Amino acid sequence: MALVYALAARLILGFYMLAAALRLKVGVDAPDWLWRRLEPQIPDFDPARQPRIWIHAVSVGEMKNAELLANSIRVKAPRSLIAVSSATEGGYARATALDRADAAFVMPIDLRSRLLPIFDALRPDAIVLAESELWPALFALAHERSVPIYVVNATMSERSFRRHKRFRYVSGATIPLIERTFTQDEASASKWIDLGADPGRVEIAGSLKLAPPPDAPPRLDRLDDLPSAPTVTFGNVHPEEFDVIAPVLQRLAAEHPEFRVFLAPRHPDRFDPGQIARRLGPDVQFVSDIRAEPVTARQVWVNQMGVLTALYAKSTAAVVCGTFCDVGGHDLAEPMHCGAVCIHGPRTEKQRALEAALSGAQCAVRVRDAKGLGNAIVSLLSDPATAASYSARFRAASQRASVAIESITEALLANRD
């Protein structure tokens, strides 16, 4: 089976090389991350920094775990070396932007020959894998060099579980070698144990993605001068979902003129102000600099980047958009960290794990259509006690995630200071 796996990895490597060659043939440059996937790229770092922690996360969503963990490690071990890797274009871009990481690189194909240069250069004291990254060659090299592997925010869907049960090579060559597994829930913990994880080394830590970001959300102090009013913010509105949102805004304006509404488009240049005014009515105010322009209307269209979290902080509820069209959603936890209850639609393909965590903690509202969206907004803005209960449950879940991250950090740094 090891030979079969190695052959499959080489076939994947060949596929990547062919894809890059074909792009060159037609005069199109292959993405930088693709070249880095083909050949190991040794990251630049300060060799004097200790201990050395290697964090691997595939997707942009999983990279949030890496960011939270990197911040915790940096606080407890300021002289540590934190290297972050990813195997996708989006994940690598996010890794390069992490302030608290010392190095970022693309994870090469899972072949011993490709991984050896990384191990030789980095000489990690610990490897952290986000969610369910099981790579036999990586595990084998780590085992040879006595490098402990930790899996954090671990999940195991029923589909993945059945696949691992049927083809035991990958799980058998990896899971028994894990030093500690921190799962999101009890069901996942049971599956990991069934696949070979040591029960004494499996801990239910909840979803780390609910932990608060390292930096507090920015404020817009001048918004504090606005008259008090129940407020909802629509964040990252896309043109494709405006037909869903517009009737809700019309209903709120007609039935609840006491409500204040902020709308922050994802791409302001893609909206026609005339069309917006025709759909929402003459009382909508367009603002390009909310830090300077006075807010006078109940419906405020904010054509400005970098102020969304500040708007969330002034809101009782927030509608996370991109969830009513094929975009697949934006960060569902962002408004919750700012104190606003998250309302989202059914399209959460990019936020599945986070949606499951929020649903499990009963601290977000999922709606199917415009009618459900309007009802949810009215319910939360009309009943402060209900909104407060959602926020309280989220704060409790977020605190548990913070404690879990601290526990994981202490395990990583034990005897390595």
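Student: What makes β1 and β2 count as paired strands in this predicted model?

Tutor: Two strands pair if there are at least two bridges between them. Five bridges join β1 to β2 (residues 81-86), and the two strands run parallel. Within this pairing, Val 84 of β2 is the bridge partner of Ile 55.

Student: How do you know that β1 also pairs with β4?

Tutor: The cut-off is at least two bridges, and β1 and β4 (residues 126-130) are linked by four, in the parallel sense. Here Ile 127 of β4 stands opposite Trp 54.

Student: Why is β1 described as largely enclosed?

Tutor: A residue is buried when its relative accessible area is under 20%. Five of the five residues of β1 (residues 52-56) are buried, so the strand is largely enclosed by the rest of the structure. Arg 52, Trp 54 and His 56 point one way, Ile 53 and Ile 55 the other way, and all are buried.

Student: Which elements make a β-α-β unit with β1, and what is its hand?

Tutor: Helix α3 (residues 60-76) and β2 complete the unit, which is right-handed.

Student: Which residues of α3 meet α16?

Tutor: They are Leu 68, Leu 69, Ser 72, Ile 73 and Lys 76. Their counterparts in α16 include Ile 405, Ile 408 and Leu 412.

Terms used: Residues numbered from 1 in each chain as written. Predicted model: local features only at pLDDT ≥ 70, side-chain atom pairs only at ≥ 80, totals over all residues. Heavy atoms only, no water. Buried < 20%, exposed > 50% of the residue type's maximum accessible area, 1.4 Å probe, protein only. Right-handed = clockwise from strand over helix to strand, strands pointing away. Contact = heavy atoms within 4.5 Å.
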